[in-house]
Amino acid sequence: MPLQQPLAVRRALLATGLMVGASALAYSLRPRSHAGEAESRLDLEVLVPKTFGGWAVDATQAQPLVNPQTQELLDKLYNQILSRTYLGPQGERVMLSLAYGGDQRSSLQAHMPEVCYPAQGFKLLGLQDGTIDLPAGHIPVRRLMTELGPRKEPLTYWFTMGGATVKSTWDKRLVQLRLLLTGQIPDGLLFRVSTLDADPQAGWAAQQRFVADLMAAVDAPTRIRLAGLAPAP
């Protein structure tokens, strides 16, 4: 009996110490700032030029409509959304959509096109991963072919978080963990381009030309913000 009391006391002290340590660790790892806080003045309307490389915004093209429920979800998930249609030098018409969310934790995470397109009634006819190779670097992308009645819409998209392009759920979680361990709330930017074309290869080629011309027209910080591309050496 005399030996059991000190042992019990030691165990109680150890347990108390572990609980206090865990609480302190949890407090120290609690996010205190947004990863995009330095870019709190981010303005997608200003960031993306309306004319570049022979492309220009089609001012006559009406913006796509969304139902109130969808708009409510968009407002909850994203801080900013930019939607434009551009006319290209060869008569191409490319639809650009950017969505920025300052908090990419749990239920506030961005919804990827392979999820939200079917939710809006589109059929997902094909999906493949690829890369857009540019002088400034390589953008890992995902390409989809979708259909809604007679509307055939191939699209290309990627997602950046904390200034880096993430191409898988695993990559995304690693970036989230890195940011959270440094006390930052992960932000994210979804970049999507699409065309109306029954031929997905032709649509994806037009989208790649658009992306290449856009990235060539903006400065290095904007390329990092939009596509996670490091400055050219």
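Helices are DSSP runs of H or I with at least four residues, strands are runs of E with at least two, and both are numbered from the N terminus.

**View 1. The whole chain, a predicted model.** This is a predicted model: local features need pLDDT of at least 70, side-chain atom pairs count only at pLDDT 80 or more, and totals for chains, interfaces and linings use all residues. Residues are numbered from 1 along each chain as its sequence is written, and side-chain values use heavy atoms, with hydrogens and water left out. The protein chain holds seven helices and 11 strands. Of its 233 residues, 38% are buried. Here buried means under 20% relative accessible area, exposed means over 50%, and partly exposed lies in between (1.4 Å probe, protein chains only). The chain exposes about 13,100 Å², and carbon and sulfur atoms supply 59% of that area. Accessible areas come from the Shrake-Rupley method with a 1.4 Å probe; for residues, only the protein chains shown count as cover. Take the contacts between residues at least 6 apart in sequence: 69% of them join residues at least 24 apart. A contact means heavy atoms within 4.5 Å.

View 2. Helix 6 covers residues 200-217, which is 18 residues. From first C-alpha to last it reaches 26 Å, close to the 26 Å expected at 1.5 Å a residue. The expected span is 1.5 Å times one less than the number of residues. Gly203, Trp204, Ala206, Gln207, Phe210, Val211, Leu214 and Met215 are buried in this helix. Seen down the axis, these buried residues fall within an arc of 165°, so they line one face of helix 6. The arc is that of the directions from the helix axis to the C-beta atoms. Gln201 and Ala216 are exposed on the other side. Asp199 caps the N-terminal end: one of its side-chain oxygens lies 3.1 Å from the backbone nitrogen of Gln201.

**View 3. Ala206 within helix 6.** Ala206 is found in helix 6. Its relative accessible area is 6%, so Ala206 is buried. Beyond neighbours within four places in sequence, Ala206 is in contact with Trp55, Glu92 and Val94. Thr195 is 11 residues from Ala206 in sequence, and their C-alpha atoms are 8.0 Å apart.

View 4. Arg143 lies in strand 7, residues 137-148. Arg143 is buried, with a relative accessible area of 10%. A polar contact of 3.1 Å joins its side chain to that of Gln208. Such a contact is a pair of N or O atoms within 3.5 Å; within protein, one must be able to donate a hydrogen and the other to accept it, and residues adjacent in sequence count only if both atoms are side-chain atoms. Leaving aside neighbours within four places in sequence, the contacts of Arg143 include Trp204, Gln208, Leu155 and Thr156.

**View 5. The largest nonpolar core.** A nonpolar core is a set of buried Ala, Val, Leu, Ile, Met, Phe, Trp, Tyr and Cys residues joined through side-chain atoms within 4.5 Å. The largest one has 29 residues. Leu98, Ile139, Trp158, Phe191, Phe210, Val211 and Met215 have the most contacts inside it. Elements that each supply at least two residues of this core include strand 5 (93-101), strand 11 (188-194), helix 6 and helix 7 (220-227). Another core, of 11 residues, lies apart from it; Ala99, Leu144, Tyr157 and Val166 are among its members. Not counting residues up to four places away in sequence, Trp158 touches residues including Ile139, Phe191, Val211, Met215 and Leu226.

**View 6. Helix 7 and the glycine after it.** Thr222, Arg223, Arg225, Leu226 and Ala227 are the buried residues of helix 7. They cover an arc of only 165° around the axis, which puts them on the same side of helix 7. Gly228 follows the helix, and its phi is positive, near 65°.

**View 7. Ala59 in its loop.** Ala59 sits in the loop between strand 3 (55-57) and helix 3 (68-77). Its relative accessible area is 75%, so Ala59 is exposed. The C-alpha atoms of Ala59 and Tyr86 are separated by 8.7 Å.
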